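Good morning, and thank you for joining this group meeting.

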Amino acid sequence: MRKYLFILAFILGCIQLHAQSAYQVNNNRVVLSTIVNADTVIVESLKNQVAINGELDLIKVEYNNRDARVVGRIDQGEERSDIVIRFFNEYSWLDERIKMSENVMQFTDEIKVDVHGVETTVPVDFTINRIRGGQGFTVLIQITGNFSAKDLEEDFPHLNFQSDIMFGIYLTVQVVN
């Protein structure tokens with residue numbers, strides 16, 4: 001009887017290990033764009049802190065303006081703002097949709113945006129592309145949406161935000177089964 005219980009426990013352990021994948025974010029990019037003082041300004045950062053956890057169904061991306069590159073004609077002054085924007089949410093579908101068999105999946109959900117402790121929930125469009133590879137596979141996750149710029153006016157008093165801030169989060173995730 002113990003032998004059968006041991007075999008059953010071993011099989012269940014193997015199934016559990018197979019069900020939980022490890023995720024490694026190889027590349028990440030956050031692009032913010034808005035209209036400021038009649039100029040379209042694009043700010044991009046490739047040095048964001050990213051956490052993806054299939055067991056906790058969590059995506060978290062932290063954008064820091066100090067690491068960003070500004071594209072546009074805008075007088076931001078000599079000192080860069082120390083603004084940090086966090087994008088995060090828990091998604092019960094995360095593990096399942098990352099492991100999907102379809103090549104491309106597009107859908108709408110929500111993400112939480114935190115700017116200096118002011119948290120808001122905004123609708124976003126997700127695009128998940130699966131690319132087969134050698135060991136495991138690679139998934140491209142794209143999250144796009146927008147949020148109000150009013151929380152940034154305190155940090156940038158000399159700037160006149162004339163539109164919401166549109167954002168794109170682009171992640172290249174290696175999935176190892």
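Trp93 and Phe126 form an edge-to-face aromatic pair, at 5.1 Å centre to centre and 85° between the planes. Rings of Phe, Tyr and Trp, the latter by its six-membered ring, pair if their centres lie within 6.5 Å; planes under 30 degrees apart count as stacked, over 60 as edge-to-face and the rest as tilted. This pair links distant parts of the chain, 33 residues apart, with Trp93 in the loop between strand 6 and helix 2 and Phe126 in strand 8. Trp93 and Phe126 are both buried. One aromatic cluster is formed by Tyr91, Trp93, Phe107 and Phe126, and the structure holds 8 aromatic pairs.

A word on the source. This is a predicted model, in which local features need pLDDT of at least 70 and side-chain atom pairs count only at pLDDT 80 or more, while totals for chains, interfaces and linings use all residues. Residues are numbered from 1 along each chain as its sequence is written, and side-chain values use heavy atoms, with hydrogens and water left out.

I turn to the overall architecture. The chain has 2 helices and 10 strands; helices (H or I, at least four residues) and strands (E, at least two) are DSSP runs, numbered from the N terminus. Of the 177 residues in the chain, 40% are buried.

Strand 3 pairs with strand 4 (residues 58-64) in the antiparallel sense over 5 bridges, and Gln49 stands opposite Glu62 in strand 4.

Next, the interior. In soluble globular proteins, nonpolar side chains tend to be buried together. Here the largest nonpolar core has 44 residues, of which Phe87 and Ile141 touch the most other members. Strand 10 (residues 165-176) gives the most to this core, with 6 residues. Such a core is a set of buried Ala, Val, Leu, Ile, Met, Phe, Trp, Tyr and Cys residues joined through side-chain atoms within 4.5 Å.

Leaving aside neighbours within four places in sequence, Phe87 is in contact with residues including Val30, Ile59, Ile111, Phe147 and Phe167; contact means heavy atoms within 4.5 Å. Is Ile111 itself buried or exposed? Ile111 counts as buried because its relative accessibility is 0%. Ile111 is found in strand 7 (residues 104-115), and among the residues it touches are Phe87, Tyr91, Val122 and Phe167. The C-alpha atoms of Ile111 and Glu90 are 8.6 Å apart, although the two residues are 21 apart in sequence.

Finally, a backbone detail. Most residues other than glycine have a negative phi. His116 is not a glycine, yet has a positive phi of about 50°. His116 sits in the loop between strand 7 and strand 8 (118-132) and is partly exposed, with a relative accessible area of 45%.

Terms used. Buried < 20%, exposed > 50% of the residue type's maximum accessible area, 1.4 Å probe, protein only. Pairing = 2+ DSSP bridges.
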